[in-house]
Amino acid sequence: VWRWKDEPPYRILEPSAGTGNLSRRCVESVEAGAGPNHVDCIEIQPELADQLRQQGIYRSVHAGDFLAVQPVPVYDRVVMNPPFDRERDIDHVVHALKFLRPGGRLVSIMSAGTEFRETRKSTVFRELIDGLGGTWRDLRPGSFASVGTYVNTIVLSVVNR
């Protein structure tokens, strides 16, 4: 996560943090001398949440279901890779938007099907994201093959207005 070194640390949320592949990258800012960001993780699997805590680099780690967490709109960034099955990525992104402060940005890896499925949920979601000025970027096929995922994916980016 890039920020100027004279800016305060970003407050970042990673729901469904898993093993921390995204959240670890969010702790340090890209600009040299900017210092660490404040990253909060939520992970539904208790053993993975314990592993995240043991890393000792996160501001907080909550073990539980992200969708059951009451939103507080305080985050500068939400960075996420939610579960894709049964269009749950849509549910997670819609909930995550409620955690952003005004001007905060959400970036999510999602199933590519979100862009073209004709289900009511996908159609309403696309309308929501279009209304917020969100952008979609296709990732190349097999982008996550190294971790055993062969689903075609996209990256969604949207700013809370």
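I count two rings of Phe, Tyr or Trp as a pair if their centres lie within 6.5 Å. The model I am reading is predicted.

**Aromatic pairs**

I looked for such pairs and found two in the structure. I then looked up where the two residues sit in the chain. Phe66 is in the loop between strand S3 (60–63) and strand S4 (75–80). Phe99 is in the loop between helix H3 (88–97) and strand S5 (100–111). They are 33 residues apart, and I logged the pair as a link between distant parts of the chain. I checked burial as well: Phe66 and Phe99 are both buried.

Next I turned to Phe125 and Trp136. This aromatic pair is edge-to-face, with 6.0 Å from centre to centre and 75 degrees between the planes. Phe125 belongs to helix H4 (residues 120–131) and Trp136 to strand S6 (residues 135–138).

Are Phe125 and Trp136 buried or partly exposed? Phe125 has 2% relative accessibility, so I put it down as buried. Trp136 has 23% relative accessibility and therefore counts as partly exposed; the cut-off for buried is under 20%.

**Charges over rings**

I also looked for arginines over aromatic rings. The charged end of Arg11 sits over the ring of Tyr75, 5.0 Å from the ring's centre. For Tyr10 I found Arg77 over the face, at 4.5 Å from the ring centre.

Key:
Residues numbered from 1 in each chain as written. Predicted model: local features only at pLDDT ≥ 70, side-chain atom pairs only at ≥ 80, totals over all residues. Heavy atoms only, no water. Phe/Tyr/Trp six-rings, centres within 6.5 Å; stacked < 30°, edge-to-face > 60°. Helix = DSSP H or I, 4+ residues; strand = E, 2+ residues; numbered from the N terminus. Buried < 20%, exposed > 50% of the residue type's maximum accessible area, 1.4 Å probe, protein only. Lys NZ or Arg CZ within 6 Å of the ring centre and 35° of its normal.
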